[in-house]
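Here's a quick briefing to read alongside the model. Grab your viewer and follow along.

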Amino acid sequence: MNQTKNEVKVIFFDAGGVLFDTFLKGDDRIRYILMERGYQKSKIDVAIMKAKHNKLSFITNWNEEEQYYKRYYGTIAEELGESELTSELFFFTHFAGHCELFPEVKGLLEELSKEYKLAVISNAMPSMDWIFDRLGIRKYFDSIILSAFVHEEKPAEAIYNIALNHAKARKEESIFIDDKMENIEGAHRVGIRGLHLDRSRVNLLELLMEQKLIQNPIKSFKNEITG
């Protein structure tokens, strides 16, 4: 499935791992704050393991997400014998408050949005939606499809078709970028060309330059990435 630059009209992105990420992962955020409070790592690990027994159902709204995480953090707090930790852990360690853009992303979106329609397809809880505002990148996207709101997940075909409809995009004129191969394969099954982003090899800018989807980024943009 080969496309020239002129044939590509829409670029769909995964969010976490492609546009932004938390560089201290969830359990490590919990360990860090609790160890700073003086709790022993061994006891924290036992509490986290117990919390993982909380059943995670398909979450479709903020209230469900909040209740799930309050149960999760509440289990940790109870195991450590300090129930008031529940609210502190929710506030200080929740995913949405810790995401950071990869260095190349903001300038890249600015450039891409001049030539392509941009959109997002992400398996995510409702709080993911706030991250686009907090990081100042919502303005670049014509549509943002989160699994929580459409009740479908990658790599099932339905979510890609929903995204195509929302973006008013044709599959043969679209590309989808994800850091997980199973999601790339899901895109292929509906006829969307997929590009696998392996950040151990290239960043997002380098991947798009390899595919000739962006050429000669402006000097100030390149300085921002390399500087």
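Asp 133 comes out as partly exposed, at 45% relative accessibility (buried is under 20% relative accessible area, exposed is over 50%, and partly exposed sits in between, using a 1.4 Å probe and protein chains only). Keep in mind that this is a predicted model, where local features need pLDDT of at least 70, side-chain atom pairs count only at pLDDT 80 or more, and totals for chains, interfaces and linings use all residues. Residues are numbered from 1 along each chain as its sequence is written, and side-chain values use heavy atoms, with hydrogens and water left out.

**Salt bridges**

- Side chains of opposite charge can pair when their charged atoms come close.
- The structure holds 18 salt bridges, each being a side-chain nitrogen of Lys or Arg within 4 Å of a carboxyl oxygen of Asp or Glu.
- Asp 133 meets Arg 138 in one of these, at 2.6 Å from N to O, and Arg 138 is partly exposed with a relative accessible area of 28%.
- Lys 25 pairs with Asp 21, their closest N and O atoms being 2.9 Å apart.
- In that pair, Lys 25 is partly exposed at 41% relative accessible area, while Asp 21 is buried at 17%.
- Arg 31 and Asp 45 also form a salt bridge through their side chains (2.6 Å, N to O).
- Arg 31 sits in helix 1 (residues 26-36) and Asp 45 in helix 2 (residues 41-51), so this pair ties together parts that are 14 residues apart in sequence (helices are DSSP runs of H or I with at least four residues, strands are runs of E with at least two, and both are numbered from the N terminus).
- Zoom out a bit and you'll find Asp 28, Arg 31, Lys 41 and Asp 45 linked in a network of salt bridges.

**Helix 8**

- Helix 8 spans residues 157-167, and its residues Ile 159, Tyr 160, Ala 163, Leu 164 and Ala 167 are buried.
- They're on the same side of helix 8, because they cover an arc of only 140 degrees around the axis (taken from the directions from the helix axis to the C-beta atoms).
- The buried residues of helix 8 pack against several elements, among them strand 1 (10-13), strand 4 (117-122) and helix 9 (181-189).

**Ser 147**

- Ser 147 belongs to helix 7 and is buried, at 3% relative accessibility.
- Beyond its neighbours within four places in sequence, Ser 147 has contacts including Phe 58, Asn 123, Glu 153 and Ile 159 (contact means heavy atoms within 4.5 Å).
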